[in-house]
Amino acid sequence: MSGQPLLLVRDAHRDYPHSGEPVHAVRGVSLDVAQGEYVAIVGPSGCGKSTLLNLLGAIDRPTTGGVTIAGTAVSTLTDKAATRFRLTNIGFVFQRFYLLPVLTAQENIELPMAEARVPLAERRDRARELLGYVGLTARADHRPAELSGGEQQRVAIARALANRPIVLLADEPTGELDARTGGDVIALFDRLNRDGMTLVVVTHDEKLAGAARRVIHMLDGRVIRDEPLLRRA
Amino acid sequence: MRFQLAALSLRRHASRTLLAVLGVAVSAAMLLDMVMLATGMRQSFASLLGRNGFTIRVSPRGTLPFDTEATIGQARDATVAIERIAGVTAVAPVLGTTIHVLGGRNPVTAFALGVDPAVQGDYQLLDGRGPTSNALVASDALLRATGARIGDTLDVAVGFDPQLRTYTGRRRVVVSGRARFTYLSADDRAAALQLASVQAMGGADRTDRVSLFMVRTVPNVDPEAARVAIERALPRVTALSTAGAVAEAEHRLSYFRQLAFILGAVSLIVGFLLVTTIVTVSVNERIGEIAIMRAIGVSRSHVVHQIVIEGIGLSLAGAAAGLILGLFTARWLNSILRGFPGLPDAIDFFLFQPDSAFRALALLVVSGIAAGIYPAWRAASLPISATLREEAVG
């Protein structure tokens, strides 16, 4: 790693109440992610990967411990401030794409920009530019139901990039895709990282994890191994 | 984009939205009809009584106009006395009686009014000329029953002596005109003659007597002072102002208003529950989408606004459709109720008054806003990570 850490997690715990008993989803995780890193978090189901990603993305707050993103202690932000922080600083990609079915591909990409009050002309241009980046210019006016799974995920990635976030967080982004379309997403993430985007992905997909520059292994809510991979040419 | 998203969300399940709008429209129509019923009769009755500027009715003490066959004596003096009262601009004496039109196989019985044609508010001339000493104006129903036309001569009597089996107070009169009688139904056989003619035909019993006086007062001035002055000047009469008559009618018809109020309130509650249910179902279906919107940085207020807008959209569309439906059903119900025998032609049960109608519909739209608040609050309060976890499992 080089430079000031972009993401900083310190002794983060996250407990959920379940049937009256606390479930310890994350137990004392500490890690740093530098600007421009490409990190994969792997581990068996229920090991706390997604919970950690939610903490990193200011969707959730640690029960104890802290999360700092680009110098902002997001774990102490109010709900309103955290929402604004996510809007302008963090891009999310989910396993099930979750595009709004009533909007076209372009409108889905425009949604976060509209929320950030980006002027209409500017957000149209930016949405077209992003559609071009993910190779879906011709699909701009299609609704999600008219797109394949891989295309929907690429639109979701474009939506995540809409407000020029400082980090892209992805939760099982290839989980619902076949090998070929999953490969397209992996290639897109690789390109994004080469273009300077910081990426943290939670995955079971060995190919996706193998494309990352660093792999964090989790088990029972703890980081059990944190290994940098050889940077490929 | 909130409006666009709200509109698209409603369009997403077009048939469900349409059914919801229809449901709200039925509620709105019922609410509107009940408001029209609650206020319509009162307004219609007040408007009927206030026609031609007559604001006070003077009848024999303790009676309502034409409630009994009692009459007021020394009518000429009484007329002069009333005319002298401050604020009174005209006095119209009226003597009511029953007439028999003879000549046909069976005599035709009709209601007749003796009036002063120069100052009267009982009929509106549709054709021909007003009554003279030997002429009358007749309603269409009387003309139909007798087969007479304007210009024909009728043999008219005001009484029947059963011992002598002869008609009394007979007179041959010409039909000089055709008229619509303001306070009678279209099916009533009626005629208007000069007051002096009716008094003369009635003999000694009717000489210088009237059934009531209709009194016109200065426009836009409360007639109460004049009403009190009339009762003070003529101790054997009851003077009833239009407001008093309306209050009396309202008292007699209070159950109508109560029923209308209850049914209107039920309509409002049904509309509210319908919008709440539809918006709640819609929100529950989109729980994952809403959680994702919140995750990518869409604010709570955006989510709340979007869902409340959906509720308002349903209410507005329902209210607009309900306005049309309500007007049609009111017209239909009005035509049925107006068919009751004996009701004045000018009485309406359902009267469209823009102020009341739009206030009622505005209340429905406000209830639509309130109906959207609960599902909106629920959606905006979603724990994002827990919802995403449940959605991922589901």
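Reader: What gives the area buried between chain B and chain A?
Author: About 2300 Å² is buried there, with carbon and sulfur atoms giving 62% (buried area being the accessible area, 1.4 Å probe, that two parts lose on being put together, summed over both). On chain B's side, B:Met1, B:Ile292 and B:Ile296 supply 27% of what that chain buries against chain A, more than any other three residues. Keep in mind that this is a predicted model: local features need pLDDT of at least 70, side-chain atom pairs count only at pLDDT 80 or more, and totals for chains, interfaces and linings use all residues. Side-chain values use heavy atoms, without hydrogens and water; residues are numbered from 1 along each chain as its sequence is written, and chains are lettered from A and ligands numbered from 1 in the order in which they are written.

Reader: How many residues does each chain bring to the contact?
Author: Chain B brings 27 and chain A brings 25, where contact means heavy atoms within 4.5 Å.

Reader: Why are helix 10 and helix 11 of chain B called roughly antiparallel?
Author: The axes of helix 10 (residues 300-337) and helix 11 (residues 354-380) of chain B cross at roughly 150° and come within 7 Å. Angles under 35 degrees count as roughly parallel, over 145 as roughly antiparallel, 65 to 115 as roughly perpendicular and the rest as oblique, so this pair is roughly antiparallel.

Reader: And why does helix 3 of chain A get the other label, parallel, against helix 5 of chain A?
Author: Helix 3 (residues 105-115) and helix 5 (residues 149-161) of chain A cross at roughly 25°, their axes coming within 7 Å. That angle is under the 35 degrees cut-off, so the two helices are roughly parallel. Touching each other are A:Ala105, A:Asn108, A:Ile109 and A:Pro112 of helix 3 and A:Val155, A:Ala158 and A:Arg159 of helix 5.

Reader: What makes the sheet of chain A open, and which strands are its edges?
Author: Its 4 strands line up as 2-1-4-5, with antiparallel pairing. At the edges sit strand 2 (21-34) and strand 5 (72-73), each pairing on one side only.

Reader: How do you know that strand 1 and strand 4 of chain A count as paired?
Author: Two strands pair if DSSP finds at least two bridges between them. Strand 1 (residues 5-18) and strand 4 (residues 64-69) of chain A are joined by 5 bridges and run antiparallel, so they pass that test. In this pairing, A:Val9 stands opposite A:Val67 of strand 4.

How values were computed:
Axes fitted to C-alpha atoms, helices over the stretch in contact; angles between N-to-C directions.
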